[in-house]
Amino acid sequence: MPGTLYVVATPIGNLADLTPRAREVLAGVALIAAEDTRHTRQLLQSCGIDTALTSLHEHNETQKSTELVARLARGESIALVSDAGTPLVSDPGFDLVAAARSQGIAVIAIPGACAAIAALSIAGLPTARFVFEGFLPAKSGARSERLEQLVREERTLIFYEAPHRLVEVLRDMVRIFGAERRASISRELTKRFETTYSGTLAQLSEAAERDSDMTRGEIVIIVSGAPATTEALAIDSDKLLRVLREELPPSQAAKIAARLTGRKRSELYKVPGEK
Ligand code: SAM
């Protein structure tokens, strides 16, 4: 019988957020694949768990996944963890999960903390439909381009960001999304200095320039989606009338053209340019 791959969420700050089920799995598997074994060893020590660890990070993930899938196939169960929160969410693990699935190995989620969802749940912005964008490109040109692609996105947007880039990212967002868009910034979630700031992008941008506390620690930015577009279909009434007149008698063509364009029917009997 092959083993099971458990994808285990760990705390994003507060150690009490490690679930009892996560502890049980971490204590019971043959091996834990961790992004940083030193970091995870500290977490395990705090719970009295001494399961063997191996490293799986962005630079060895592909080759390591093959090795781990072979062990799973031989019957060993493995837990995958990242440094904080849910693995695969802006963290390593995708190659391993995809490889295990392609080999028919059972993959089980042990859910828990995720900074994106924690920040969204307290932002006070619409949650019915949202998009996780992860980290924006670090370079200014590429970042502006990505934000421009998102300008008409109607769903709530979630970004991870490095604190030292917050001021410039907010300036870009004000310029591209507009000063009045509502947003929320959560920093140091579940930790001692946890703070959530909300307001318009302009207000948050000004606050970040003034208040150096805002640019310390780990940060999630939530931005309200663009207002739903209600732009009427732009219709060239002359062109429409010409097309309708090819198919219909003048009175019927004028009636339909009037309904679609809002112009008077009497103006639409004659096709422009016709004698
Ligand atoms: N896998 C993690 C998760 O489930 O949230 C995210 C890992 S990603 C490498 C790290 C980023 O997550 C940070 O730069 C920050 O944007 C966000 N983050 C992680 N912990 C956080 C916290 N306690 N408060 C606010 N943001 C946090």
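Q: Let's start with Gln203: how exposed is that residue?
A: Gln203 is partly exposed, at 46% relative accessible area. Keep in mind that this is a predicted model, so every value here is computed from that prediction.

Q: Okay, and where does Gln203 sit?
A: Gln203 is in helix H8.

Q: What does the side chain of Gln203 reach?
A: The backbone nitrogen of Thr200, at 2.9 Å.

Q: Switching to the inside of the protein. Which residues touch the most other members of the largest nonpolar core?
A: Those are Phe159, Met173, Phe177, Ile185, Ile221 and Val223, out of 24 residues in that core.

Q: Which helices and strands supply at least two residues each?
A: There are strands S7 (156-161), S8 (182-187) and S10 (219-223), together with helices H7 (166-177) and H8 (201-210).

Q: Which one gives the most?
A: H7 does, with 7 residues.

Q: Tell me about Phe159. What does Phe159 touch beyond its sequence neighbours?
A: Leaving out residues up to four places away, Phe159 touches Glu133, Gly134, Leu136, Leu147, Leu150, Met173, Ile219, Val220, Ile221 and Val223. Met173, Ile221 and Val223 are also on the list of core residues that touch the most other members.

Q: What about Glu161, is that residue buried or exposed?
A: Glu161 counts as buried because its relative accessible area is 5%, which is under the 20% cut-off. Glu161 is found in strand S7.

Q: Which side chain does the side chain of Glu161 make a polar contact with?
A: The side chain of Arg165, at 3.3 Å.

Q: Now Ser184. Buried or exposed?
A: Buried: the relative accessible area of Ser184 is 0%. The residue lies in strand S8.

Q: What does Ser184 touch?
A: Not counting residues up to four places away, the contacts of Ser184 are Ala123, Leu125, Thr196, Tyr197, Ser198, Leu204, Val220, Ile221 and Ile222.

Q: Let's move to the ligand. Which residues come nearest?
A: Thr86, Asp91, Ala115, Tyr160 and Ile219 do, out of 19 residues around the ligand.

Q: What is 2.8 Å from a nitrogen atom of the ligand?
A: An N or O atom in the side chain of Asp91. The backbone takes part as well: a polar backbone atom of Ala84 is 3.2 Å from a ligand nitrogen, and a polar backbone atom of Ala115 is 2.8 Å from a ligand oxygen.

Q: How much of the ligand's accessible area does the protein cover?
A: The protein covers 90% of the 580 Å² that the ligand has on its own.

Q: Which residues have a positive phi without being glycine?
A: Leu88 is one of them, with phi near 75 degrees, and Glu188 is another, with phi near 55 degrees.

Q: Where are those two found?
A: Leu88 is in the loop between strand S4 (78-81) and helix H4 (94-102). Glu188 is in the loop between S8 and strand S9 (195-200).

Q: How accessible are they?
A: Leu88 is partly exposed at 31% relative accessibility, whereas Glu188 counts as buried at 15%.

Q: One more loop residue: where is Thr19?
A: Thr19 is in the loop between strand S1 (4-8) and helix H1 (20-28). At 24% relative accessibility, Thr19 counts as partly exposed.

Q: Last topic, the domains. What does the assignment give?
A: The domain assignment gives domain 1 (4-113), domain 2 (116-223) and domain 3 (231-268).

Q: How far apart are the centres of domain 2 and domain 3?
A: 46 Å separate those centres, taken over C-alpha atoms.

Methods
Residues are numbered from 1 along each chain as its sequence is written. This is a predicted model: local features need pLDDT of at least 70, side-chain atom pairs count only at pLDDT 80 or more; totals for chains, interfaces and linings use all residues. Side-chain values use heavy atoms; hydrogens and water are left out. A nonpolar core is a set of buried Ala, Val, Leu, Ile, Met, Phe, Trp, Tyr and Cys residues joined through side-chain atoms within 4.5 Å. Buried means under 20% relative accessible area, exposed over 50%, partly exposed in between (1.4 Å probe, protein chains only). Helices (H or I, at least four residues) and strands (E, at least two) are DSSP runs, numbered from the N terminus. Contact means heavy atoms within 4.5 Å. A residue is near a molecule or strand if one of its heavy atoms lies within 4 Å of it. A polar contact is a pair of N or O atoms within 3.5 Å; within protein, one must be able to donate a hydrogen and the other to accept it, and residues adjacent in sequence count only if both atoms are side-chain atoms. Accessible areas come from the Shrake-Rupley method with a 1.4 Å probe; for residues, only the protein chains shown count as cover. Domain bounds come from an automatic or database domain assignment.
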